[in-house]
Amino acid sequence: MQSCFWRRILVSIAVFFLAGSIWVMHSPPALAYDNPELLPNTFTPVVDLAKSLPILQEEKLVKDLEQFEADTGWKLRVLTQYDRTPGRAVIKYWGLDDKSILLVADSRGGNILSFSVGDAVYELLPRTFWIELQTRFGNLYFVREQGEDQAILQALESVKGCLLKGGCNVVPGLPREQWILTLITSVIGGVICGFAAQPREKGQIFAWQWALIFSPLWGILFLAFGIGPVVTRTSDWLPLVRNISGFLIGVLVAYLSPVFSRSSSSNEL
């Protein structure tokens, strides 16, 4: 027992010294992660340390952001980084305040985009807007298909458009993947409604009582998840018509499913 005790002590000491040596070996590079010398000497609203933007694209973006600030007073800033970052030095460099929006693109994580937003911005664009903006344009699938530059540019265009409109609760535009999800929920809501409305008594055509009982379930699927995301993100009527049609088809198929099952059983006989 005593030898086992001392063995544990020696193992703990060895692990402690190993962790300490690793920390000492990696501490000098970690100090370089907060380096104001990475910032350019001249002012620019875009600091592309990771070279995510082509030169001509970066020059055009700089002009657009400067013109947007001159017209509206909102400060939009872009920082791309990979292995090194200027850290909090950007606050002084750019003079970030309550009307500032900082987009940071870093491809080392699962989502390349993150945002630092001033307090005045939240009055027009709530926190849920920034979460949706990050997940839509910063995810790995979008970056793989469109590129890091398009993730940055399209996110900025969404922000600029919402600021010019006086604010947004959701990110404008309805991506195809999101519309397909709303269509699926609309169809499922219709299927639930159709099953609930099947007649359960002789002479009954439509069991509206059961459809009403299940209305919180199919109503949430159809209205909240099927129609709501469409009407709040786009004025295009085509996705709305398709979702309503999907709901009605789901209702019809589920409602008539007993008829189909009876006809198939009679054919077998």
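**Pockets and annotated spans**

A: In this predicted model, the largest pocket has a volume of about 380 Å³.

Q: Which residues are closest to the centre of the largest pocket?

A: They are R136, N139, F142, P175 and E177, out of 13 residues that line the largest pocket.

Q: And which elements give two or more residues to that lining?

A: Helix 4 (127-137), helix 5 (140-146) and helix 7 (176-196).

Q: How does the lining of the largest pocket split by class?

A: Four residues are nonpolar, five are polar and four are charged.

Q: OK, next one. What is the volume of the second largest pocket?

A: About 160 Å³ for the second largest pocket. Its lining consists of P40, T44, V46, V47, D48, L49, K51, E58 and V62.

Q: Which elements give two or more residues there?

A: Strand 1 (46-48) and helix 2 (55-72). Strand 1 gives the most to the lining of the second largest pocket, three residues.

Q: How much of residues 179-198 is helix in the model?

A: That span is 90% helix and 0% strand, and its end C-alpha atoms are 29 Å apart.

Q: And residues 237-256?

A: Residues 237-256 are 100% helix and 0% strand, with the end C-alpha atoms 29 Å apart.

Note on methods: Residues are numbered from 1 along each chain as its sequence is written. This is a predicted model: local features need pLDDT of at least 70, side-chain atom pairs count only at pLDDT 80 or more; totals for chains, interfaces and linings use all residues. Side-chain values use heavy atoms; hydrogens and water are left out. On a 1 Å grid over the protein atoms alone, a cavity is a set of points where a 1.4 Å probe fits but cannot get out, and a pocket is an open set with protein on both sides within 12 Å along at least five of seven lines; lining residues have an atom within 4 Å of a point. Grid points are joined across faces, edges and corners, and a volume is the space filled by probe spheres set on the points. Helices (H or I, at least four residues) and strands (E, at least two) are DSSP runs, numbered from the N terminus. Ala, Val, Leu, Ile, Met, Phe, Trp, Tyr, Cys and Pro count as nonpolar, Asp, Glu, Lys and Arg as charged, and the others, Gly among them, as polar.
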